[in-house]
Amino acid sequence: MKTGWWKKRTMIIVFHATAWLLLFSLPALLRPSYHPPVERPLQPPNDLVHFILIHLNDAFLVSFFYLNILLIIPFLLYKKRYIAYTLTTSAYFGMSLLVMWLLQINLNEPGFYFSFNKFLLFNIFSFLFIVACSMAYKLGRDKISTERLVNDAVTNELKTEVSLLRSQVSPHLILNALNNMVSLSRKRSDQLEPLLIKLSSLMRYMLYEKDVEKVSLEKETEFLQNYIAFQQQRLGQEAVINATIYQSDKKYDIEPMLLIPFVENAFAQGTGRIHKAYIDIEMKAERDILFFSVTNSYDPGSPEKINGMNFSGVKKRLELLYPGKHTLNVKRDDRLLTGMLTINLN
C-alpha cells in the first residue's frame with residue numbers, strides 16, 4: 001500500500017516548518033497597524049542584539065519541543081518517572097533562562113534597564129505553552145500509531161481466519177468432484193471429458209479468485225452456474241434441478257466462494273439415495289440487497305438425517321465480513337430443506 005503524500009518525510013518537515021513560522025510570526029501579525037509614539041528608554045538595546053535574543057529564545061523553545069517528544073516523554077513520562085520528568089523539564093527551562101539572562105545583561109549597553117520579573121513571566125508562559133503542545137503532539141501521535149497497529153493486527157487476524165475458512169471449501173468441493181470422475185472413468189462414460197473441462201474451469205476460479213478480497217457478483221454467479229452445470233451433467237435424469245439467476249440491476253462485489261457451500265450442500269444432501277431428487281436455486285440482486293435461496297429434497301428417515309445446513313464456516317465468514325448486514329434462515333419440513341440468505345452489498 002502506498003504511503004499518503006502527507007506522511008512522507010519531506011511533507012512532514014514542511015508542515016513543521018510552516019507551523020513554527022506561523023507561531024513565531026503571530027506577534028508581528030497581531031501587532032496593531034498604527035504606531036503610537038513610544039517613550040524611548042535610556043540607551044535602548046541595539047537592533048542586532050534584540051534580533052539575536054528573540055531568535056535564540058525561539059531556538060530554545062523549538063529544541064525543547066523535539067527533545068521532549070523524542071527523549072524526555074518516552075524515557076521519563078511513559079515510564080511514570082514523574083519527578084524525574086519535572087526536574088528535567090525545569091532544569092532545561094532554568095538553563096535556557098540563565099543563558100538568555102546572561103546574554104540580555106552582557107550584550108546590551110551599560111545602563112540598560114532590565115526587569116527580571118517581566119523577563120521570567122514572559123518566558124515561563126512561552127515555555128509552558130511549548131510543553132503542553134509537545135505533550136499533546138506526542139500523546140496524540142502515539143495514540144494514533146497504537147490504534148493503527150491494533151487495527152492492522154485485527155485486519156491481519158481477520159484475513160487469516162477468512163482465508164482458513166475459504167480453504168475449507170475448496171478441498172471438499174474438489175474431492176467430491178474427483179470421486180465423481182473416478183466413478184465415470186470406471187464406467188468408461190462419454191461424459192468424462194466434458195466434465196473434466198468444467199472441473200478445470202471450476203478449479204481455475206478457486207485457485208485465482210478465492211484469495212482476493214472481493215470479486216464481482218458476475219464472476220461468482222458464473223462460477224455457480226458452472227458448478228450447477230457440472231452437477232447436472234453428472235446426475236443426468238437422476239435429479240430435477242432448477243436454477244433461476246436474475247440479472248443484477250447494477251455492478252456488485254461480493255466475498256468470493258461465499259455462496260458455493262449452499263449449492264454444494266444441496267447436491268451432497270439432496271441427491272444420492274433419493275429417487276428423483278429435487279434442487280431449486282434462486283438468486284437476485286437489486287437495490288443493494290442480494291437474495292439467495294437454495295431448496296433441496298432430503299430423506300428424514302435416512303442415517304444421514306439433517307438437523308440443519310452443515311456450513312458453520314459460511315456462518316462464521318458472514319459474521320466476520322458482513323456483521324449486521326446479513327440474515328440467514330433455514331426452513332425444514334418432511335421432505336424439503338431451504339436455506340435463505342440476504343446480504344446488504346452496499
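**View 1. Overview of the predicted chain.** The protein chain exposes about 22,400 Å², of which carbon and sulfur atoms supply 60% (Shrake-Rupley method, 1.4 Å probe; for residues, only the protein chains shown count as cover). This is a predicted model, in which local features need pLDDT of at least 70 and side-chain atom pairs count only at pLDDT 80 or more, while totals for chains, interfaces and linings use all residues. Residues are numbered from 1 along each chain as its sequence is written, and side-chain values use heavy atoms, with hydrogens and water left out. The secondary structure comprises 9 helices and 7 strands (DSSP runs numbered from the N terminus: helices H or I, at least four residues; strands E, at least two). Of the 346 residues, 33% are buried (under 20% relative accessible area; exposed is over 50%, partly exposed in between; 1.4 Å probe, protein chains only).

**View 2. The largest nonpolar core.** This core has 41 residues (buried Ala, Val, Leu, Ile, Met, Phe, Trp, Tyr and Cys joined through side-chain atoms within 4.5 Å). Helix α7 (residues 217–235) gives the most to this core, 7 residues. Phe 292 is among the residues with the most contacts inside the core. Beyond its neighbours within four places in sequence, Phe 292 is in contact with residues including Leu 224, Phe 262 and Met 340 (contact: heavy atoms within 4.5 Å).

**View 3. A second core.** Leu 61, Phe 65, Leu 76 and Val 131 are among the 19 residues of a second, separate core.

**View 4. Phe 125 on helix α4.** Phe 125 is found in helix α4 (residues 116–167) and counts as exposed because its relative accessibility is 54%.
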